[in-house]
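Reader: I'd like to learn how to read a model like this one, feature by feature. Could you walk me through it?

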Amino acid sequence: MSDPAAYTPMTPAEARKLRDELGKKGKKLVFTNGCFDLLHAGHVRYLQQAHALGDALVVGLNSDASVRELKGPSRPLNRERDRAEVLASLRAVDGVVVFSDKRATGLIEAIQPHIYAKGGDYTPESLDPGEKAALDKAGTQIQILSLVPGRSTTKIIERMTSSEDKAPPLRLGVLGSGRGSNLRAILAAIQDLVLDAEIVIAISDQGDSEFLKIAKAAGLPAHQVHGGANPNRFDDEAQKKVARLLQEAAVDVVVLTGFMRILKSPVLDAFPDRIVNVHPSLLPAYKGANAVQDALDEGELETGCTVHLVNAEVDGGRILAQARVPIYVGDTAAVLHDRIKEQEHKLLPQVLAEWRRA
Ligand code: GRF
């Protein structure tokens with residue numbers, strides 16, 4: 001008995017009819033194609049972007065046989081009927097046409113869409129020559145859309161099949177006093193699945209800092225620890241409290257992102273070689289709190305950022321990674337610092353991701 005809820009895919013002729021009807025009204029049909037085996041957020045966003053290029057979106061869905069041919073014998077995970085039904089239920093999708101060839105050339109010839117959307121690293125030149133020729137012949141405009149990083153069916157399958165012997169996510173304790181842009185970058189890397197970690201605690205000495213606001217908005221356990229009267233020091237009580245909080249949270253790695261107090265015992269002893277700091281210079285040059293201005297004042301043509309291990313010597317621990325940043329004529333410390341931070345936001349998550357694999 002057939003399932004009454006199942007979706008009946010469009011025929012190529014129906015898709016062509018839709019195209020012609022839209023065309024008469026001065027509207028545009030967008031077409032894209034793919035396997036859409038295990039639908040994820042990357043697909044959904046891609047299809048929304050594709051839809052936004054015109055007025056209606058038709059998706060060419062590879063049949064089970066053609067997915068097998070493209071991806072290997074273990075795919076697809078879901079049958080074409082189910083894949084079509086799930087796809088068609090999306091707000092961005094107006095119709096799904098199943099096709100059996102490896103390439104969508106025949107379907108492009110039949111539908112003659114106004115716009116063709118393709119994802120990923122393609123350029124109009126690197127498209128399949130058959131598809132490209134069919135698109136050119138139909139006068140179709142080609143649009144390449146960028147894919148959402150970290151989201152792919154292949155990666156989801158990898159994660160599912162390797163989950164048994166996989167180490168749990170790295171537990172991070174992040175400390176900061178200022179704007180919190182590095183905290184934001186770590187959160188984004190976790191979201192994008194390029195960093196297998198979770199932030200289990202965020203600590204600041206500044207109750208009204210952006211850092212703490214970002215931490216709270218992200219739902220992280222966030223704490224303010226008062227450092228005592230001297231703004232550059234962290235008194236003994238504060239050191240003990242931070243050590244206790246980090247230990248209670250079972251932190252694997254402590255990450256200092258613009259934490260303006262100097263850590264010492266018992267924090268350093270509790271996390272030997274497990275505290276990293278990001279610093280806005282190419283250490284060992286320009287240690288200390290004015291590193292960006294100091295590099296400008298010296299007339300340097302280049303500076304950068306460093307991720308290093310933290311020990312008792314301020315900005316003196318083992319260097320783990322560095323990135324270079326040019327200094328331009330007319331740079332102010334603020335402009336230069338923002339340029340340095342762009343690099344920090346890549347370098348710090350990268351070091352933490354590599355930690356995971358070490
Ligand atoms: C960064 O430039 C870092 O190198 C320095 O403090 C700054 C923190 O920035 N130690 P943010 O609070 O992460 O935006």
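Reader: What is the order of the strands in the open sheet of 7 strands?

Author: Two short notes first. This is a predicted model, in which local features need pLDDT of at least 70 and side-chain atom pairs count only at pLDDT 80 or more, while totals for chains, interfaces and linings use all residues. Residues are numbered from 1 along each chain as its sequence is written, and side-chain values use heavy atoms, with hydrogens and water left out.

Now the general idea: strands of a sheet pair through backbone hydrogen bonds, either parallel or antiparallel. Here the order is S8-S7-S6-S9-S10-S11-S12, and the pairing is mixed. Strands (E, at least two residues) and helices (H or I, at least four) are DSSP runs numbered from the N terminus, and two strands pair if DSSP finds at least two bridges between them.

Reader: Which strands stand at the edges?

Author: Strand S8 (222–224) and strand S12 (319–326) do; each has a single partner strand, so one side of each is left without a neighbour in the sheet. From one strand to the next, the twist averages 20°. Axes here are lines fitted to C-alpha atoms, for helices over the stretch in contact, and angles run from 0 to 180 degrees between N-to-C directions.

Reader: How many bridges join S7 to S8, and how many join S6 to S7?

Author: Strand S7 (residues 197–204) and S8 run parallel and are joined by 3 bridges; Ser 204 has Gln 224 of S8 as its bridge partner. S6 and S7 also run parallel, with 6 bridges, and there Val 174 is partnered by Ala 202 of S7. In S6, 5 of the 6 residues are buried, where buried means under 20% relative accessible area, exposed over 50%, and partly exposed in between (1.4 Å probe, protein chains only).

Reader: How do I read a helix such as H10, and which of its residues are buried?

Author: An α-helix has 3.6 residues a turn, so residues three or four places apart point the same way.

The buried residues in H10 are Ala 238, Gln 239, Val 242, Ala 243, Leu 245 and Leu 246. They cover an arc of only 165° around the axis, which puts them on the same side of H10; the arc is that of the directions from the helix axis to the C-beta atoms. Glu 237 and Glu 248, on the other side, are exposed. The cover over the buried residues of H10 includes S6, S7, S8, S9 and helix H11 (267–270).

Reader: At roughly what angle do the axes of H8 and H9 cross?

Author: Two packed helices are described by the angle between their axes and the distance between the axes. The axes of H8 and helix H9 (residues 210–217) cross at roughly 25° and come within 9 Å. That makes H8 roughly parallel to H9, since angles under 35 degrees count as roughly parallel, over 145 as roughly antiparallel, 65 to 115 as roughly perpendicular and the rest as oblique. Leu 183, Arg 184 and Leu 187 of H8 make the contact with Phe 211, Ile 214 and Ala 215 of H9, contact meaning heavy atoms within 4.5 Å.

Reader: Which peptide bonds are cis?

Author: One joins Ser 265 and Pro 266, with omega about 5°; Pro 266 lies in the loop between S9 and H11. Another runs from Leu 283 to Pro 284, with omega near 10°, and Pro 284 is in the loop between S10 and helix H12 (291–297).

Reader: What is phi for Ala 250 and for Tyr 286?

Author: Ala 250 has a phi near 55°, positive in a residue other than glycine. Ala 250 sits in the loop between H10 and S9 and is partly exposed, with a relative accessible area of 41%. Tyr 286, also not a glycine, has a positive phi of about 55°. Tyr 286 is in the loop between S10 and H12 and counts as buried at 18% relative accessibility.

Reader: Is Ser 63 buried or exposed?

Author: Ser 63 is buried, at 4% relative accessible area. This residue is in the loop between strand S2 (56–62) and helix H3 (64–71). Leaving aside neighbours within four places in sequence, Ser 63 contacts Glu 80, Arg 83, Val 98, Phe 99 and Ser 100.
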